[in-house]
Every structure is written in C-alpha cells, then in structure tokens.
Amino acid sequence: MSRLSAAALLAAAVLVVPGHSFIESAHAQAASNSSGGAGWFVPKTAHPTAAPAPAHMSRPAPVQAQEADGQDGEEADNSRPPPVLPQPNIPTAPELPKAAPPPAAVIGIISVADVMRQSMAGQQVERELGGRRDALAQDAQKAQAGWRDEQQKLQAAAKTMSADQIQGQERALQSRVMKAQRDFRERNRIIQEAAQVSLGQIERELVQVIQHVASSHGMNLIMHSEQVALHVDGQDITNEVATQLNVVLPKVYIPAPNEDPEVLAKSGKMPTTASAQAAAPAPAAAPK
C-alpha cells in the first residue's frame, strides 16, 4: 500500500466520478460557443468574392480522383514486404543471486466509482458546481438568442442604411459577441479549476483512507473491482472505505463563484478543509 497514488486510484473511475460529468459537458458547451458562436454573425467584409479563374488556367483534378490516387498509394505501401533491418549485438544479461521472496498477497477489492457515489463530499461538489455549469449554459443560450435577434434586426434595417453604417454596426456586434465568448470561456475555466480543487481534496483523503482500511485487515494488495471477475466475501472494502471517508471528510472547500482558483493559489491564502478544522475551537471539557 506504500505505492498507492492518487492518479492510479481514480484511473478506473474518472468517467463516472460525480463532478466529471458536468465538467466535460461545460467544456463541450464552451467549445461549442468558441467555435460556433462566432458563426452567429460574420461581417460581409470577411467573405470576399472569389475572382473567376482565367481561361488559360487548368482546372484542379476532381476530389474523388485525388482520393482514389491516395488510396492506391496506401495499398501499395501495405503490400510492400517489411524491411530487413540490421540487428546489432547486445550484451547478455547476467543471472542475479537469489533474493528473499515477496510476502504472500492478501488481496482486497474496491470500486472507487461506488465510493465516490456514496461520498457526501462528492455529492456536495456535484450539487454546487453542477449548478454553476447549468447557469453558464443558460447564460450562453440566452446570449446566443440575443445575437440572433440583433443580426435579424440589422439585416432588416440594412436597406435603409449606408454601407459604412452597416459595416460599423456589424463590427460593433461582432465585438460584443467576441467579448461575451471570452467571458464564457473564463467562467468555464474557473468552474473546471474549482472542480479540480474540490475533487483533489477527496482524492488525497481517499488514498489515506484506503491505506488505513487495508492495513486494518492485513491487506497488502488492493485491486479495482472492475479488474476482478470473482472474489469472496470479506475482500470488498468499498462500503467500509466510503463510510470512513464520510466520517473523515464529510465536505470539502469549494472556491466561490467569484474566486479564481489560480489567483487564490498564488496568494497562498486559499483555505482548506484541514485548516478550517484546525482553526475550529476545541470542545469544552465536560464538568466533573
């Protein structure tokens, strides 16, 4: 258990841990905004009319023909026999002296995904940051609807405006769209980093809890349940780990919506669950 790491611990559960689902969807929403949002309006000056090709210029080959040529080249490469390469001599590995055998394996089984589903801290992260993700998505949709309305109004009024007026309003609208998209990306970054701060606390605590639970049972090898086809009663420590995790870490510190995790980290004043517990006054002793 001395080599248990946080990265290996959550590797099997990264797609189902509470909090990852809303992070990925928020990232997809932001990517959609950044790539497709600019498509709500593009000034006419960004689409110059292509000049007709001179008569003496030859036409490019059809796309299908080019693709066919590329496929023929790939088939020719695949049919070519493998190359015969030199094999320089390498030194012979020496035999090693006999060493003490490792201890007998005492195996435990855990489902990190089930632990995270039962984790009160994990549920806290999902509720808080999931709400922020939903609010971001709603604001983005509302902004996109406003951009559409402004675009339609501009198109309807184009007949009564000069070319300079049209271009001026087009540039102003595009500037507002780009600024809003930057704001959405920044909000999405803060949500993702807040999730990393929150889930990182659970990750680090979970490593310790698994070590202690395994040690209490004399286990020296813990495997993910997804990797095991059969096990016997008493080997699965999932529920025991989840119970102990909720006792030790019932909640985590989540940066506020208006707090940038990177700024907090650089300031060196970011509170943690551990520091908050240490700062809490000790309970008064019962009178004798």
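Glu205 touches Leu245, Val248 and Leu249, leaving aside residues up to four places away in sequence; contact here means heavy atoms within 4.5 Å. The model is predicted, so local features need pLDDT of at least 70 and side-chain atom pairs count only at pLDDT 80 or more, while totals for chains, interfaces and linings use all residues. Residues are numbered from 1 along each chain as its sequence is written, and side-chain values use heavy atoms, with hydrogens and water left out.

**Glu205**
- Glu205 sits in helix α6 (residues 163-216); helices (H or I, at least four residues) and strands (E, at least two) are DSSP runs, numbered from the N terminus.
- Glu205 is buried, that is, under 20% relative accessible area with a 1.4 Å probe, protein chains only.
- Glu205 has no salt bridge, a term for a side-chain nitrogen of Lys or Arg within 4 Å of a carboxyl oxygen of Asp or Glu.
- The nearest side chain of opposite charge is Arg204, 7.5 Å away; Lys and Arg count as positive, Asp and Glu as negative, and His and the chain ends are not counted.

**Helix α7**
- Helix α7 (residues 238-248) has Thr238, Val241, Ala242, Leu245 and Asn246 as its buried residues.
- Seen down the axis of α7, these residues fall within an arc of 135°, so they line one face of the helix; the arc is that of the directions from the helix axis to the C-beta atoms.
- The buried residues of α7 pack against β1 (107-110), α4 (112-118), α5 (120-157) and α6.

**Ser119**
- Ser119 lies in the loop between α4 and α5, and counts as buried at 0% relative accessibility.
- Ser119 touches Ile202, Leu245 and Asn246, not counting residues up to four places away in sequence.
- The C-alpha atoms of Ser119 and Pro250 are 7.5 Å apart, although 131 residues separate them along the chain.

Methods: Buried < 20%, exposed > 50% of the residue type's maximum accessible area, 1.4 Å probe, protein only.
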